[in-house]
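Colleague: Could you take me through this one and tell me what stands behind the words you use?
Modeller: Gladly; have a look first.

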Amino acid sequence: MDFSHRAIEKKWRLYWEQNKTYQTTNTHDKKSYILDMFPYPSGSGLHVGHVKGYTATDIIARYKRMNGYDVLHPIGYDAFGLPAEQYALKTGNDPREFTLKNIAVFREQLQKLGFSYDYEKEVNTSHPNFYKTTQWIFEQLYQQGLAELRYADVNWCPELGTVLANEEVIVVDNKMVSEVGGFPVVKKPMRQWVLLITKYADKLLTGLDALDWPSSVKELQRNWIGKSEGMEINFLTTFGDELKVFTTRPDTIYGVTYLVLAPENPIISKLTAVEQKASVEAYQELTQQKTELERKDDSRPKTGVFLGSYALHPLTGEKLPIWIADYVLNDYATGAVMAVPAHDTRDWEFAQKFNLPIKFVLESKSQIKPFIGDAKHINSETLNGLTTTKALSVSKKILSEQKIGVVKTNYKLRDWLFSRQRFYGEPFPVLYNDQDEIILVDPAQLPVTLPSGEYIKPSGTGESPLANFPDWVNIEQNNQHYRRETNTMPQWAGSSWYFLAYILTNTPNELIDINSPEARERFKKWLPVDLYVGGQEHAVLHLLYARFWNQVLFDQKIVPYAEPFQKLVNQGMILGPNGEKMSKSKGNVINPDEIIETHGADALRLYEMFMGPIDASLPWSYEGLDGAMKWLNRVYRLVSGNQFSHENNHHLDFVYHQVVKNYTEMITDLKFNTAISQLMVLVNAMYKEESVTIYQPYVEGLILMLSVITPYLGEEMWSLLGHEPSVILQPWPVYDAEKLVLTTTTVVFQVNGKVRGKAVVKKGLSQQELIALAKKDPHVEAYLSGKEIVKEIVVLDKIVNFVIE
């Protein structure tokens, strides 16, 4: 008889809720903090891709509980953001109400799936009790000189009325548009709050070394930070202005044939000849329409404009033409580069297109393409004949002694643009007096909450919709007039510290003070996060920002560890049945609610874990889902329809203890698909036995191991054996190493080399004993009857072969 997933899910979900089965404990000397990257509560709810990562962490959380750990396994919601605000603008609804409705849907779905989250730890980044601490952390950043106002070129979307991050902008028909809505986007200088993450560049680099993260993610972060050691070299222009360039290869200075500036470089206006002004301004305007990602794409044809002016080579005095080109970015180093086209692919392509000189200064077999690599120097005066390493050292010495250049370290990492012109975000805890001086809101007066009102349309002035609330913007304190900051923080703000918020939370959205002795004690117990699971799309920005905030709080002695996430796993995607990425437009999105209704949460969880390795992206298969459900029914029939023995006949000793050993190791290594295969081996072995001879403790071990993957069925089968719930409160099965030594062997019986029978026997039987057993085998006996045995060949513990005539 098969089990009813609907009945047992209803029964055990109610039991877990009433008994607070998954409440975080604080009673053991071992802890495990298991964390999912929390979801944005969209209107479409969870998808099966969420289920994959969440099931993986749930298995580990359950496994750790059963192994005597205090486990913190929380969930919350990254609830601020542009989608909710756009919904509010279209419908006239308050985004806060919309968000709360979506959270309720998500919570219901999570509970249906049987995840062992402690829902008392739930947080919501848009709740004032949460962003009170976000605002407090911002104040610490400001007081430490890590937050400042400055003018910055931003992606401005007039229709949305906000600045967009680079990843929120796409290119359509060679024009920048917003990813949300497809509205035009332009580059525009605006006064913005900026966080000086660059001051932590070295700490963020070195901190990666000790982390148990995928090497690909570490490399992405290292490349994003982009530490480069080189020199800043001074070139004088023919106008008498000083032009600084940064290079990592000062040894190739004799190969410089022109200079290139970023189109935004402010010195351009000084260096542009009158006859070139129109062309230069037109090119600058064209560049404003390109995203940074597009400009970094080296496969694009090179474009640029000559300024009509020259610089002097600092060592040779040669006149070098000065160009502008969009492949140079203004906010990296000095926004100017010395072009050595013979030894740089981008410069080579540019020089070829505009017929500029190319001068080789490194030995190369061919001069029909750039030489990228190490070789002896040529055409380089005092550097001739030197290897790259030696030439670097000598060139730095020469340029430094002649006061032409200084040794310098640069980073690709930029300071974090932290302002958004939106209503639905964390308000800044900042006031301005009538002299435009910055005053932080008194921490005792936090949080600064969002105003209530219907009018949240863009202000049209470049300010956020908060500017439409004059009673909120303008306040009086101590008989003085102040105005509030009307920008809000980006969605990244809440996700940069939410992993700490769970530790501070006693009941949903009720947090203790982050700067309290109790908070420090809790952080000391629970940090760092032991396992963090989430998508590869967060490999750089979220993880970098969260590490930055945590390192600042570490330096403030708020948290005890500089790095927040010790082990990171990126789960692979679940693709559509046709192998394509799931999307609404393709109509291949799988709704977990529908699967739970037809197959049950346990079958869904089991199937997704059995699909393949956790980090692999694999296509959905309904046949695979059906197979998972059939196998669970097979396990249920084994347990529900039989009586088991309390005396061990030892038939299953080896297979049981081998499975416990292998399964435990595989679960620990997050090899869930192969772990499930081990349980299948054990179930097959049990089916080969008479039920009344199966040792009940082995059945109980099977249930305990399976329960971390399929908790509803685990509870049901545990209770069928007469045990009190909950299965998660039971100790994890252990294996006996002595039982892993096989004392039996299968001996094959042959007649004239052909197999005629076999038997499982004790190891070490003598030759005579094995021959006697073989002769008693009825199949062998039939072949030997009336025949003369010419020879008896015995391979101990393996084969008995009778040669007959």
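Colleague: Which residues of helix 7 are buried, and what makes a residue buried?
Modeller: In helix 7 (residues 215-225), they are Val-217, Lys-218, Gln-221 and Ile-225. Buried means under 20% relative accessible area, exposed means over 50%, and partly exposed lies in between, with a 1.4 Å probe and protein chains only. Helices here are DSSP runs of H or I with at least four residues, and strands are E runs of at least two, both numbered from the N terminus. Please keep in mind that this is a predicted model: local features need pLDDT of at least 70, side-chain atom pairs count only at pLDDT 80 or more, and totals for chains, interfaces and linings use all residues. Residues are numbered from 1 along each chain as its sequence is written, and side-chain values use heavy atoms, leaving out hydrogens and water.

Colleague: What follows helix 7?
Modeller: Gly-226, whose phi is positive, near 60 degrees.

Colleague: Why does His-542 count as buried?
Modeller: His-542 has 5% relative accessibility, so it counts as buried. This residue lies in helix 17 (residues 541-555). Leaving aside residues up to four places away in sequence, His-542 touches Met-37, Trp-492, Ser-495, Tyr-498 and Tyr-532.

Colleague: What makes the pair of His-542 and Tyr-532 a polar contact?
Modeller: Their side chains make one at 2.7 Å. The term asks for a pair of N or O atoms within 3.5 Å; within protein, one must be able to donate a hydrogen and the other to accept it, and residues adjacent in sequence count only if both atoms are side-chain atoms.

Colleague: Why are strand 19 and strand 20 called edges?
Modeller: Four strands form an open, antiparallel sheet in the order 19-18-21-20. Strand 19 (438-440) and strand 20 (474-477) each have a single partner strand, so one side of each is left without a neighbour in the sheet.

Colleague: How do you know that strand 18 and strand 19 pair?
Modeller: Pairing needs at least two bridges found by DSSP, and strand 18 (residues 430-432) and strand 19 have three, in the antiparallel sense. For Val-430, the bridge partner in strand 19 is Leu-440.

Conventions:
Contact means heavy atoms within 4.5 Å.
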